[in-house]
There are 2 protein chains.
Amino acid sequence: MIARGVMLGPDQPVIIHMLDIEPAAEALNGVKMELIDAAFPLLKDVVATTNVVEACQGVNIAVMVGGFPRKEGASGCQSSQHQRTYLERICTFNSGEKHHLPCLDHNRALGQISEKLNVHVSDVRNVIIWGNHSSTQYPDINHATVKTTNGEESVRDAIANDNWLNTEFITTVQQRGATIIKARKLSSALSAASAACDHIRDWVLGTPKGTWVSMGVYSDGSYGIQPGIIYSFPVTCEKGQWSIVNGLKIDELSREKMDATAKELMEEKTLAYSCLIDD
Amino acid sequence: MIARGVMLGPDQPVIIHMLDIEPAAEALNGVKMELIDAAFPLLKDVVATTNVVEACQGVNIAVMVGGFPRKEGASGCQSSQHQRTYLERICTFNSGEKHHLPCLDHNRALGQISEKLNVHVSDVRNVIIWGNHSSTQYPDINHATVKTTNGEESVRDAIANDNWLNTEFITTVQQRGATIIKARKLSSALSAASAACDHIRDWVLGTPKGTWVSMGVYSDGSYGIQPGIIYSFPVTCEKGQWSIVNGLKIDELSREKMDATAKELMEEKTLAYSCLIDD
C-alpha cells in the first residue's frame with residue numbers, strides 16, 4: 001500500500017525501511033525481494049534490516065507493528081509487552097509524535113453505519129471514536145451525518161433506532177477485533193494496514209474540509225480528559241498538524257463512556273510506567 | 001488493492017465477489033468483515049460465498065487464485081490439480097478470455113535489471129517473458145531499453161555484460177519463485193497479487209504508448225509458436241483488446257529458449273487433456 005501511494009499520495013516516491021528481529025531476517029529478505037519484484041513505480045529503495053540504528057537512519061515516518069499477531073483471547077496490550085525493549089530503543093531515535101490507531105475503529109464504525117443504512121460508506125462522515133483502542137473505546141455517532149438526495153441528515157435521525165445505536169452498534173464496534181479473530185483465527189490484517197495508511201495520509205496530506213477523523217493524541221485537557229494520556233479525539237489535520245475538534249455537545253451517556261475509557265487509559269499508563277522502572 | 005483502485009483505476013467503483021471452499025467459509029467471512037471495516041470509498045459491495053453460481057453472477061472480471069499456497073519443491077501446476085473440478089465449473093460460467101500471469105515474471109525481470117543498473121524500475125521497459133509461467137520461461141532483454149539523461153539506451157549496451165545477461169539474469173528470473181519460497185517459507189503473495197492487478201489494469205485500461213507487457217495469451221502462430229497454446233508474448237493493449245507485438249528480431253539463443261518453453265507447454269496441454277478425459 002505504501003509503495004502504491006496509498007499512504008502518501010500517488011506522486012510521492014518512497015523508500016521503505018523494514019526492521020525485524022534476527023529470527024525473521026530471512027523472511028524479511030523475502031519480503032524485500034517481493035517488493036522489488038512488484039516493480040512499483042513509486043518505490044525508490046528498500047532496506048531490510050535487523051539493526052535498529054540502520055532502520056531508523058533518515059526516516060521521516062515510523063509505523064510500529066505488533067511483534068506477534070494477536071490470537072483469540074489476547075489483547076493488543078498484552079502482545080505489546082513483547083516489544084517493550086524494542087519500543088524503548090526506537091523512541092530514542094524517534095523524536096516525532098506518537099499516535100495510536102483508532103482510525104481502524106473509526107472505519108469500523110463508518111462500516112457498521114453504512115451497512116445499517118444500506119448506503120455507501122463514503123456518504124457517512126464524522127463518527128467519533130473516543131478514548132482507548134480497546135473494548136472500552138466509545139464509538140459516538142451523535143455528530144455523524146449521512147448524505148441524502150436532499151443534503152445531509154444526522155445518522156441518529158436516519159437510523160431512527162436509538163436502542164440499536166446505544167447498545168448493539170457500540171458493542172459491535174468495540175468487539176469487532178475479537179469477532180475478526182474468531183472468524184479468521186488471526187487478528188485484523190488488511191483493515192489494520194489500511195487504517196494505518198489512512199491515518200498517516202490524513203495526518204500528512206490533511207483531512208477533507210468539514211470532515212474529521214479519530215486520532216489517538218496527547219490530551220490537552222479537551223472535553224475534561226486528563227492531560228498527558230494518549231486518547232482518541234475527533235481531529236482535523238492541515239499541513240501536517242492535527243488539532244482536536246472542540247465545542248461538540250456531549251450528552252450524559254457519552255460523558256459516562258468517555259470517562260470510563262479515560263480511566264482505563266490512566267490505569268494502563270500507570271502499568272506501563274511500572275514496567276519501565278521494574279527492570 | 002482492487003478496492004483501492006489499483007486494478008481498475010481511482011474512479012471505478014467495484015463490487016468484489018469472493019468464492020472459496022466450504023471449510024474456508026468462516027475465514028472468508030472474516031475477510032469480508034475486514035473489507036467492510038476498511039471503509040474503502042470505491043468498494044460498493046462485497047459478496048462472500050461458497051456457491052459458485054452466486055459467485056459468478058454478473059461478474060465482469062474473474063481472478064482465479066491457486067487453492068493452496070505452494071510449498072518448497074511444489075510447482076504451480078501440481079497445486080492447480082487440486083482445483084481442476086472448480087476450474088471446470090467456473091469455465092461454464094466464464095465465456096471470457098483466459099490468461100495466465102507472466103506479468104509477475106515480467107516485473108521480476110524489470111526488478112533485476114533496475115537493481116543491476118542501479119536505476120529506478122520505472123526507467124526500464126520492454127523486457128519480454130516468452131512462454132510458460134514456469135522455470136522454462138525465457139526472460140528476454142534484447143529489445144529492452146533504459147532511460148538515460150540523453151534519451152534511451154538498450155539494456156544490453158547499458159549493462160555491457162553479456163555473460164551475466166545470458167546466464168545468471170535468466171536463471172535468477174526463472175528461479176525467483178523458488179527463491180522467494182525458500183526465504184519466506186511461503187510462495188509469493190504481495191508481488192503475485194500486485195502483478196495480477198497490473199495485468200488487468202494494462203488489459204482493461206491499456207498499455208502506455210511505446211511500452212509493452214508480457215501476457216500469456218492464445219498463440220495465433222506468431223513467432224512460429226504452435227497456435228492454440230497459451231504462451232506468454234509481448235503484448236500491447238488498447239480499449240480492452242490485446243495484440244501481440246510482431247516483427248521483433250529473434251536471435252539464435254532466443255529461438256532455442258522460446259522453442260524449449262513451447263515444447264513444455266505442449267506437453268502440459270497433453271497432460272491436462274488426459275486428466276479431463278480420465279474420469
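Helices here are DSSP runs of H or I with at least four residues, strands are runs of E with at least two, and both are numbered from the N terminus. This is a predicted model, where local features need pLDDT of at least 70, side-chain atom pairs count only at pLDDT 80 or more, and totals for chains, interfaces and linings use all residues. Residues count from 1 along each chain as its sequence is written, chains are lettered from A and ligands numbered from 1 in the order in which they are written, and side-chain values use heavy atoms, with hydrogens and water left out.

**View 1. B:G111 in helix α5 of chain B.** Helix α5 covers residues 103-117 and includes B:G111. With 0% relative accessibility, B:G111 counts as buried (under 20% relative accessible area; exposed is over 50%, partly exposed in between; 1.4 Å probe, protein chains only). Setting aside neighbours within four places in sequence, B:G111 touches A:I36 and B:V121, a contact being heavy atoms within 4.5 Å. B:V173 is 62 residues away from B:G111 in sequence, and their C-alpha atoms are 9.4 Å apart.

**View 2. The A:W130 and A:F233 ring pair.** Rings of Phe, Tyr and Trp (its six-membered ring) pair up if their centres lie within 6.5 Å; planes under 30 degrees apart are stacked, over 60 edge-to-face, and the rest tilted. That rule gives eight aromatic pairs over all chains. A:W130 sits in strand β4 (residues 128-130) of chain A and A:F233 in strand β9 (residues 230-238) of chain A, so the pair ties together parts 103 residues apart in sequence. Both A:W130 and A:F233 are buried. They also belong to one aromatic cluster with A:Y223 and A:Y231.

**View 3. Helix α10 of chain A against helix α1 of chain B.** Axes are lines fitted to C-alpha atoms, for helices over the stretch in contact, with angles from 0 to 180 degrees between N-to-C directions. That makes α10(A) roughly parallel to α1(B) (under 35 degrees; over 145 is roughly antiparallel, 65 to 115 roughly perpendicular, the rest oblique). Where do the two helices meet? A:L190, A:S191 and A:A192 in α10(A) meet B:E34, B:L35 and B:D37 in α1(B).
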